[in-house]
Amino acid sequence: MERSRIVVIAGILAALGAILPMLAAYYLSWSIAVRNEQAQLARLADSAVMRADSALKEATRALKTANRFGMPACAEAHVSAMRSLVVNTAAIEDIGYFENGLLRCTSWGAPPRHLVRSPPADFTTDNGIEVIARTYPTISTGIAMTAFRDRSYTALTNPVRFVDVIAEPGTRIAVATRTGIVVSTLNEPHASLTARLADLPKTGKDAEDLFATSRGSNWIAVASAPSIAILNDMDRERLLLLPAGALIAALMVGLVVWLSRRRLSPLGELSIAVQRREFVVHYQPLIELKSGICVGAEALVRWRRPDGQMVRPDLFIPLAEENGLIEEITDQVIYAMIAELRTVLLADRSLHIAVNLAADDIKSGRILPMMDTALKSTGILPQQIWLEATERGFMDVKSARATIEEARRRGHSVAIDDFGTGYSSLQYLQELPLDALKIDKSFIDTIGTDSATSSITPHIIDIAKSLNLHVVAEGIERQEQADYLIERGVQYGQGWLFSKALPAAEFIAFYNNSKRQRGAGPAVIRREIA
């Protein structure tokens, strides 16, 4: 179930890892294209405002000049002077002289026969020039003009000048007064933009267009282009960004695959199990062979997966030892054992529990202060906690001796586990201050057989006796094995003949039942502490 969930999640993440970078590349290319297009539109809008300001500046200069004329109004010299101003001012098409609000004459000469009144101004510029946004003088032949007025003179400008800029086909421009009255357009900008031109943000987009605005002291300009216009820019950006997006997608998919494989690897699953504290403790009863009474147990770690499946220790302990996880597992075993068996350990001081230590714990001695911390305030005696280690844990004899001596000083008994399966076993027995020896199951299995190693078992027993070590036989499965060991003077044994490893509640029941069946409690495995 867990693996399936991880595979499904990894598949989803891999798909997202492949799709998201490509979508991001597409979105980024679109964003860049939009930004570039809006920047270009902003330049066009700025240019339109500059051209409108330039026309206003030229018209202002012409009007100020006209106001300084010192000749009779509308005389031939006056008309000639106004005509000269028009000819020499590129921004204006005509200039007229008004008196009492009525047109008297223009640079073309006498006014038309019908009365022409000066229209009201739409707004006044910063320099005091009145602006009529749109007017239709006779000379314009129906074309709307923009008029600039100063006192008695009015200059006309063709507002087409404001939008006379180089732009891409389809680009639209509108120029308006600062009050929002449109005075000139290019390529018929949409009414949805021009109607709210005074309120438009600096850049933006609506349903059809991208746009950018520019605001001067007297004019507002907006340049817009169809959103589809950015597709060409997007094509250019995609040529650069999509390969990068594809590379990122490949890297992300590779990362997901790598992490998934790592998570699904035995080491990955074991690391997660340590973090989630998925380990439980079962207790292998230790039996006094002569009386058949349970005197203790060996705490054995089990890995219970989230789906309830149990993983055998031989499948994960070596992996944990190789990758620095065994110490955390050992700590979890000790705290679980204390929590589960504290009551029965306090009720019966003769009961002891053996805890297996890793080689690194024996070498470093880390386990001893950790054990003190775990037992503090529990009431459990150090004498009730035995420490066991395989021969591999004693290979660094100097460090092992220091740890064992300190452990015994604190009250713990120390046993060599799986004796006979390692190297230099006799050396360890002679050089280390051990309390007990546990004969490995492989030797117990040879009892009553014609195996070549069957003769080794009695020698191991004799060696242990000669060194005053308690002897524990592991893996007893047949009664004849138990009988043989009792005959040889082996004190203690464990194995399926008596019980399999049990969860805490079942072990406590087994222990209590053992005591009831056999009467008084057994002699305790004791040693004198120097």
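**Cavities, pocket and helix packing**

About 60 Å³ of space lies in the largest cavity of the predicted model, a cavity being a set of points, on a 1 Å grid over the protein atoms alone, where a 1.4 Å probe fits but cannot get out. Volume here is the space filled by probe spheres set on the points, with grid points joined across faces, edges and corners. The structure holds 2 cavities of 30 Å³ or more. In this predicted model, local features need pLDDT of at least 70 and side-chain atom pairs count only at pLDDT 80 or more, whereas totals for chains, interfaces and linings use all residues. Residues are numbered from 1 along each chain as its sequence is written, and side-chain values use heavy atoms, with hydrogens and water left out.

The lining of the largest cavity (residues with an atom within 4 Å of a point) consists of Leu 286, Ala 297, Glu 298, His 352, Ala 354, Trp 386, Glu 388, Lys 438, Val 472 and Gln 494. By class, this lining has 5 nonpolar, 2 polar and 3 charged residues; Ala, Val, Leu, Ile, Met, Phe, Trp, Tyr, Cys and Pro count as nonpolar, Asp, Glu, Lys and Arg as charged, and the others, Gly among them, as polar. Strand 13, strand 15 and strand 16 each contribute at least two residues to the lining of the largest cavity, strands (E, at least two residues) and helices (H or I, at least four) being DSSP runs numbered from the N terminus.

The largest pocket, a pocket being an open set with protein on both sides within 12 Å along at least five of seven lines, has a volume of about 1200 Å³. Its lining comprises 42 residues, with Glu 298, Leu 300, Pro 313, Asn 356 and Asp 418 nearest the centre. Of the lining residues, 17 are nonpolar, 10 polar and 15 charged.

Helix 5 (residues 266-276) packs against helix 6 at an angle of about 85 degrees, the axes lying 10 Å apart; axes are lines fitted to C-alpha atoms, for helices over the stretch in contact, and angles run from 0 to 180 degrees between N-to-C directions. Helix 5 is therefore roughly perpendicular to helix 6 (65 to 115 degrees). Their contact (heavy atoms within 4.5 Å) joins Pro 266, Leu 267 and Leu 270 of helix 5 to Phe 316, Leu 319 and Ala 320 of helix 6. This contact has 6 nonpolar, no polar and no charged residues.

Notes: Parallel < 35°, antiparallel > 145°, perpendicular 65-115°, else oblique.
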